[in-house]
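Please keep the sequence and the 3D view open as you read.

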Amino acid sequence: MTSHLPEADLLVQPLSRTFGAGTAKALASLGLTTVGDLLWHVPRRYVRRGELTDLASLEPGEQATVLARVESVRTRPMRRKRGQVMDVVVTDGHDLLRLTFFSTRGPQRQLSEGRVGLFAGTVDTYQGSRQLVHPEFLLLDATEGADTAEAAQQFAGDLIPVYAATRSMSSWRLAKAVDTVLRPLRDLPDPVPTS
């Protein structure tokens with residue numbers, strides 16, 4: 001994005017000029033096509049770091065992003081084909097939410113007991129329990145890997161924004177996109193009072 005454009009011009013600039021085609025398409029699926037659209041896509045709520053999401057409030061069919069702690073991780077063989085299923089249970093300290101991964105390979109290997117992260121997906125039920133199947137996630141206590149550390153940096157403050165998201169655009173990817181378009185606008189007065 002070029003910073004010499006007047007602020008009004010920046011707001012009507014297409015997101016395709018700022019982001020790659022894949023990101024621009026995922027943002028368009030939310031009706032966000034300009035920088036202004038993205039900036040007015042305000043968070044649905046904020047969660048305070050260390051304040052886990054009330055898992056009892058989740059409804060089946062809801063696209064949810066939750067802040068939770070990993071309580072247990074176990075793998076088991078698939079019933080009808082080769083391979084393993086990874087069952088992860090996360091908690092808010094009161095209720096449990098099951099995360100199911102149909103592979104033990106990939107980023108889910110980072111999940112271990114005690115880790116805290118954001119988990120995003122569609123809430124479903126299986127055998128009477130709420131679950132997210134193959135959710136996207138961002139571990140907030142991670143220190144390994146440049147990408148993870150950079151992403152976790154987005155949530156270094158006390159409040160973590162939780163955006164309305166889709167399967168192709170998670171809440172933390174939206175937060176990173178908002179930060180990208182805000183960088184050239186840092187000198188604008190903030191309409192939200194400090195208090």
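## Charged pairs

Arg-183 and Asp-179 bring their side chains together in a salt bridge, with 3.2 Å from N to O; the term stands for a side-chain nitrogen of Lys or Arg within 4 Å of a carboxyl oxygen of Asp or Glu. Arg-183 counts as partly exposed, at 47% relative accessibility. On this scale buried means under 20% relative accessible area, exposed over 50%, and partly exposed in between, with a 1.4 Å probe and protein chains only.

A word on the model: it is predicted, so local features need pLDDT of at least 70 and side-chain atom pairs count only at pLDDT 80 or more, while totals for chains, interfaces and linings use all residues. Residues are numbered from 1 along each chain as its sequence is written, and side-chain values use heavy atoms, with hydrogens and water left out.

The whole structure holds four salt bridges. Three of them are set out here.

| Salt bridge | N to O distance |
|---|---|
| Arg-183 and Asp-179 | 3.2 Å |
| Asp-87 and Arg-98 | 3.5 Å |
| Asp-87 and Arg-74 | 3.7 Å |

Helices (H or I, at least four residues) and strands (E, at least two) are DSSP runs, numbered from the N terminus. Strand E3 covers residues 84-91, and seven of its eight residues are buried, so the strand is largely enclosed by the rest of the structure. Strands count as paired if DSSP finds at least two bridges between them. E3 pairs in the antiparallel sense with strand E2 (residues 63-77) over eight bridges, and with strand E4 (residues 96-101), again antiparallel, over six bridges.

Individual partners can be picked out as well: Arg-76 is bridged to Val-85 in E3, and Asp-87 to Thr-100 in E4. Each hairpin has a glycine to look for. Six residues lie between E2 and E3, where Gly-83 takes a positive phi near 120°; four lie between E3 and E4, where Gly-93 has a positive phi near 100°.

## Aromatic rings

The structure has two aromatic pairs. Rings of Phe, Tyr and Trp (its six-membered ring) pair if their centres lie within 6.5 Å; planes under 30 degrees apart are stacked, over 60 edge-to-face and the rest tilted. For Phe-101 and Phe-137 the centres are 6.1 Å apart and the planes at 80°, so this pair is edge-to-face. Phe-101 sits in strand E4 and Phe-137 in strand E7 (residues 136-139), so the pair ties together parts 36 residues apart in sequence.

## Helix H2 and the whole chain

In helix H2 (residues 21-28), the buried residues are Ala-24, Ala-26 and Leu-27. Viewed down the axis of H2, they fall within an arc of 160° (taken from the directions from the axis to the C-beta atoms), so they line one face of the helix. Ala-21, Gly-22 and Lys-25 are exposed on the other side of H2.

Taken as a whole, the protein chain has five helices and eight strands. Buried residues make up 38% of its 195 residues.
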